[in-house]
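Please look at the sequence and the model first.

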Protein chains: 2
Amino acid sequence: MKAASLSIALDAMGGDRAPEMVVKGANIARQRFPNVSFLFFGDEQRIAPLLDRYGALRKASEIRHTDRIIAADDKPSTALRAGRGSSMRLAIDAVQSGEAAGIVSAGNTGALMAIAKFVLRTLPGIDRPAIASFFPTLRGESVMLDLGANLSCDAENLVQFAVMGNVFARTVLGTLKPTVGLLNVGSEEVKGHEAVREAAAILKATPLPGSFHGFVEGDDIARGTVDVIVTDGFTGNVALKTLEGTAKLYAEFLRRSFKSSMVASVGYLLARPALNALRVRTDPRRYNGAIFLGLNGVAVKSHGGTDALGFANAIGVAVDMITQKSLEKIREDFASFAAGALSSPQVVAL
Amino acid sequence: MKAASLSIALDAMGGDRAPEMVVKGANIARQRFPNVSFLFFGDEQRIAPLLDRYGALRKASEIRHTDRIIAADDKPSTALRAGRGSSMRLAIDAVQSGEAAGIVSAGNTGALMAIAKFVLRTLPGIDRPAIASFFPTLRGESVMLDLGANLSCDAENLVQFAVMGNVFARTVLGTLKPTVGLLNVGSEEVKGHEAVREAAAILKATPLPGSFHGFVEGDDIARGTVDVIVTDGFTGNVALKTLEGTAKLYAEFLRRSFKSSMVASVGYLLARPALNALRVRTDPRRYNGAIFLGLNGVAVKSHGGTDALGFANAIGVAVDMITQKSLEKIREDFASFAAGALSSPQVVAL
C-alpha cells in the first residue's frame, strides 16, 4: 500500500447495492482526493475482484476480511451486543485505534449510531451526539440537526447542537460566520415549548463564532434564512423528510406538466439544459452523507439506497470533516463556550 | 335581507387587507354558494360602501357595527380578556347564539383559537381542539392536524385528532374511507416516542370509518400516502410550513431556470399552459382555510395575507363543514369510538 496522508475505513457490506456501490464510490472519491487511502471491511472474495478493476484505487486500498455483517433490520441493541467482528464494527474500531481517520457506512443507521457512540465515545462537554445533514436552499446550503438521534431534547442538548452545527457549517460548508436558528412554531420570543425558549435564552447570552438569529419556522428551512437549523431529533427528522418529499412531488408535477401536451414537450426540450442545472443543484446524491456529530471520531452515514456517486459524496463529507479539523474545532468551541456560559449571569439565572 | 338557509359570520376587520379583501371574498363565495348569507362584523362606515358595489351580496348581507378590533400582535390572553365587543368576538358570539352557522376570520390566530374555544366550548369527548388544514399531494389532497394548537400531545390527544381528521377528510375532502397515519421518524412499530406508539396501539384496536395505516414519515406527507396525517402541534406546524417553503423554493428555482437563457425562455412560453395548470394545482390560495376542529361550532381561520380568492376558499371550507354536517359526524364517531375503545381489552391493557 502506498503511503497516504489520510485513511478512511469503509463498511464495504452496508447499503442496498454493496459492495459494488462502495468500491465504485471509493474510486470516484479517490479521483477527487488523491491523497486518501481506504480500508475496506467485508467479504474479501467479493471486494477483491471489484477493486481489481481500478488500478490506482487498488494500490491505495487494503481489504480486511470478515464474513460477518449487520443486517438492515437488526436492532441497535442487537448490533451492539452481537455485532463484534462485523464489517461495520471493525471499520469503526479502526477509527478508535487510530488506523483510520474516519469511517463511512451505508448500513443500518441505528446500529451505526449505537456502535459509533459506544466505541468512539462523545467529546468532552457533549451529552448526546446528533445526526446532521445539509441540503440546498434558496441562498446556498444549510445544515440541520438533530435528525433523529434524540427524539426529545432539553435546552442543554439544543445548545450543544448549535455549537456543533456551527462548526459543521464552518468546516464542511465553508461558511465563515454561520448564523444559527432554533426551529419553532413562531418567531416571537413567547412561542414554543420550554426547551426551545430556554435554549434561546442561553444562546443569546453566550458568544458563538457567527451569530444567533433567534427562532426560525418551517418555511425558513428551504429559504435558507440561517446556515444552521437546530431542533430535536423528532422534528428534524420529520422536517428534512418533508423537504425531500416535497422536492420529489414538485419534480413529478413538473414531469407530468411537460408530458401533458406536444407543445409542452417541445418547450421542455428547449428548456432542458436550464432544467438540468436545476436537477443537478437539487440532486439528493449531492447531499448524501449524514454526520454523527459530537463523537470522538468522524463517522458518516450514507443513504442505504444511494449509488456510487452518492457514496463518493458521503466519503467527501468525511474527508472535509477530517482535513478541516472539525473535531478539534468542536473541542475548542466547547471549551470556550463552557467558560463563557459559566460567567454569564443570565444563564445562571435560568 | 333575503331568507337564506345558511348564515356565515365574518370578522370583517381581520387580515392584512381587511375589510376590502373580506367583502370581495364574500362576493366570490356568494356566487359559488347562492343560498349563503353573511353577517359582517366591523366598521360599518368602511364596510357599507364596499358592499354597495355588489348588489346581490348586499341583499344577502347584514352589517353589525363595532369599532373595536383585536390587533394582530395581541396576546391570546389579552384578546380573551379585553376583546369583548370586537369584530372577532362578536362574530364568534353569533355562532354560539345560533344566529350564524359558522365563522371565518383572517385575524390573529391565537386570539381566534382562544376566544372560539372559550365561547363555543369543545365537543363531548374531546379534550383539546386542533388546527387542521389540507394541501395538495401526489395522489390528491390530504389533511394534517394538529398544526399548532397543542405543542405537545399525549396518546389520547393524538387518537382524538385521528377521529376528527377522519371526519374532515370525509366531509370536506369527500374521501369515502380515509386512511389515517401517525407521523413518526420511522415506519417500524418500535420507532418514536411513547405518545405515538401508544396512540398507534389504541388506533389499531379500535374500528374507525376508513382504516388506520400505521406510522408515516415526513416524505409521506407530499406523497399522499394517507388521507389524514396526525401529529402534535409542534411537529405539524413545522412540517406544513416546511412543505410550503419547499414548494416556494422549487417555484423560484424553476423561474430562475427559465430565465437563465433565451432558448429556455422560449421553452417556457411553449410549456406555459401546462405550467399554469401546475401553478393552479399548487396555488396556496386554493388551500387557504385552517379549521379549528373539536369545537361546538364551525370556526375557520384564513391566512392573514391572503386575497379575496383565498378568503372565498376559507368561506368554502366553512360552508362544506356545515352542509356536510361535520360536527354531527364528529359527535357520532366519538360516541361509537368511545364505546369501542372501552370494550377493547388491548386498550384496557395499556
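Which side chain of opposite charge is nearest to A:Asp227? It is that of A:Arg139, 4.5 Å away. The model is predicted: local features need pLDDT of at least 70, side-chain atom pairs count only at pLDDT 80 or more, and totals for chains, interfaces and linings use all residues. Residues are numbered from 1 along each chain as its sequence is written, and side-chain values use heavy atoms, without hydrogens and water.

**A:Asp227**
- A:Asp227 is buried (under 20% relative accessible area, 1.4 Å probe, protein chains only) and has no salt bridge (a side-chain nitrogen of Lys or Arg within 4 Å of a carboxyl oxygen of Asp or Glu).
- The side chain of A:Asp227 reaches the backbone nitrogen of A:Thr179 at 2.9 Å.
- Beyond its neighbours within four places in sequence, A:Asp227 is in contact with residues including A:Ser142, A:Thr175 and A:Lys177 (contact: heavy atoms within 4.5 Å).

**Chains A and B**

**Interface**
- In chain A, 53 residues are in contact with 52 residues of chain B.
- The rule finds two salt bridges across the interface of chain A and chain B.
- B:Glu217 forms a salt bridge with A:Lys241, with the closest N and O atoms 2.2 Å apart.

Notes
Chains lettered and ligands numbered in written order. Buried < 20%, exposed > 50% of the residue type's maximum accessible area, 1.4 Å probe, protein only. Lys, Arg positive; Asp, Glu negative; His and termini not counted. Polar contact = N/O pair within 3.5 Å; in protein donor to acceptor, adjacent residues only side chain to side chain.
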